[in-house]
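Subject: Structure for you to look at

Hello,

Here is the structure I promised to hand over. Please open it alongside these notes.

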Amino acid sequence: IGKSLLTGRQVVVTAGPTREKIDGVRFISNYSSGKMGFALACAAARRGAEVVLVSGPVALPTPDRVERIDVESAEEMEEAVTRFHQSCDLFIGAAAVADYRPETFRAGKIKKNNETMDIRLVRNPDILAGFAAQKTPGQLAVGFALETEGNEAYALEKLQAKQLDMIAFNTYDGKSSGFEVDTNQITLFTADGTRTELPVMEKKEAAKRMLDALEKMLEKK
Ligand code: PMT
């Protein structure tokens with residue numbers, strides 16, 4: 001384990017998708033594999049951080065020296081993250097949290113009776129914004145923003161709206177960047193106005209580059 005500014009600091013990372021139950025056998029979700037979040041957790045642990053990885057349902061092994069908490073829904077993810085609101089030094093939201101969940105949950109299996117069926121959705125809590133809204137000056141809040149239209153203005157909006165210290169604008173092309181694949185293309189924006197565009201690289205490498213940038217920010221804290 002290398003010594004770094006992250007050594008001994010608590011880092012909380014969310015990863016993977018969330019599942020929002022429709023009934024006892026069905027759910028709404030997305031294609032997040034957890035690879036980006038797990039790469040960040042692994043890289044932070046290697047720098048000696050005390051890492052808590054809050055993960056939705058994924059098929060990945062737990063990195064060494066990482067405390068993993070498995071959750072299913074956005075509400076469960078929020079509950080797990082809230083436990084570390086006070087203690088964590090750095091929170092990174094790499095999860096693809098479902099923005100909405102079905103308003104009602106029906107136990108068992110809903111029968112098909114009609115040609116159409118409506119599922120009313122209600123907003124989920126914003127886990128990252130919830131952390132950022134209550135953080136102290138010594139804590140850092142970091143998010144991701146995957147935009148299919150490739151519009152980085154949306155990422156900047158999220159940086160400001162959620163009061164983040166950094167956001168990784170994540171492109172998605174279905175081949176070398178975004179969900180599921182081993183590589184990613186991100187651009188890092190910081191609250192103090194810097195923009196760092198990184199080329200396509202392994203998610204493991206992108207995680208290291210993000211932590212390098214975050215260490216520089218911690219140095220100034
Ligand atoms: O898991 P992989 O297959 O490796 O893919 C990685 C990834 C593409 C999922 C990841 O790099 C990524 O971009 N994650 C964020 C996806 C996204 O579009 O998030 P968002 O724009 O809905 O949300 C912005 C930020 O707020 C994210 O940090 C998200 O974790 C957080 N958020 C969003 C909604 C919510 N209810 N709670 C949150 O905490």
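**Lysine 162 and the annotated sites**

Lysine 162 counts as partly exposed because it has 19 C-beta neighbours inside 10 Å. The cut-offs, with C-beta atoms placed from the backbone: buried is 20 or more other C-beta atoms within 10 Å of the residue's own, exposed is 12 or fewer, and partly exposed is in between.

Two notes on the source. This is a predicted model, so local features need pLDDT of at least 70 and side-chain atom pairs count only at pLDDT 80 or more, while totals for chains, interfaces and linings use all residues. Residues are numbered from 1 along each chain as its sequence is written.

Lysine 162 sits in the loop between helix 4 (152-161) and strand 10. Helices (H or I, at least four residues) and strands (E, at least two) are DSSP runs, numbered from the N terminus. Leaving aside neighbours within four places in sequence, lysine 162 is in contact with Leu128, Ala129, Ala132 and Gly143. Contact means C-beta atoms, placed from the backbone, within 7 Å.

An unreviewed UniProt entry gives the feature "binding site" to Asp99, Lys109, Pro125, Asp126, Ile127, Leu128, Phe144, Lys158 and Lys162. They are spread over 64 residues of sequence, and also in space, up to 37.3 Å between C-alpha atoms. UniProt positions follow the numbering used here, feature names are shortened, and annotations may be inferred rather than shown by experiment.

Lysine 109 lies in the loop between strand 7 (100-102) and strand 8 (121-123). Lysine 109 counts as exposed because it has 11 C-beta neighbours inside 10 Å. Not counting residues up to four places away in sequence, lysine 109 touches Asp23, Gly24 and Val25.

**Core**

The largest nonpolar core has 57 residues, of which Val13, Leu40, Ala41, Ala44 and Ile167 touch the most other members. Helix 1 (residues 35-46) gives the most to this core, with nine residues. A nonpolar core is a set of buried Ala, Val, Leu, Ile, Met, Phe, Trp, Tyr and Cys residues joined through C-beta atoms within 7 Å. Beyond four places in sequence, valine 13 is in contact with Gly37, Leu40, Ala41, Val51, Leu53, Ile92 and Ala94.

**Strands**

Strand 10 (residues 166-170) pairs antiparallel with strand 12 (residues 186-190) over five bridges. Strands pair if DSSP finds at least two bridges between them. Phenylalanine 169 has threonine 187 of strand 12 as its bridge partner. Strand 12 also runs antiparallel to strand 13 (residues 195-197), joined by three bridges.

Best wishes

Methods
Contact = placed C-beta atoms within 7 Å.
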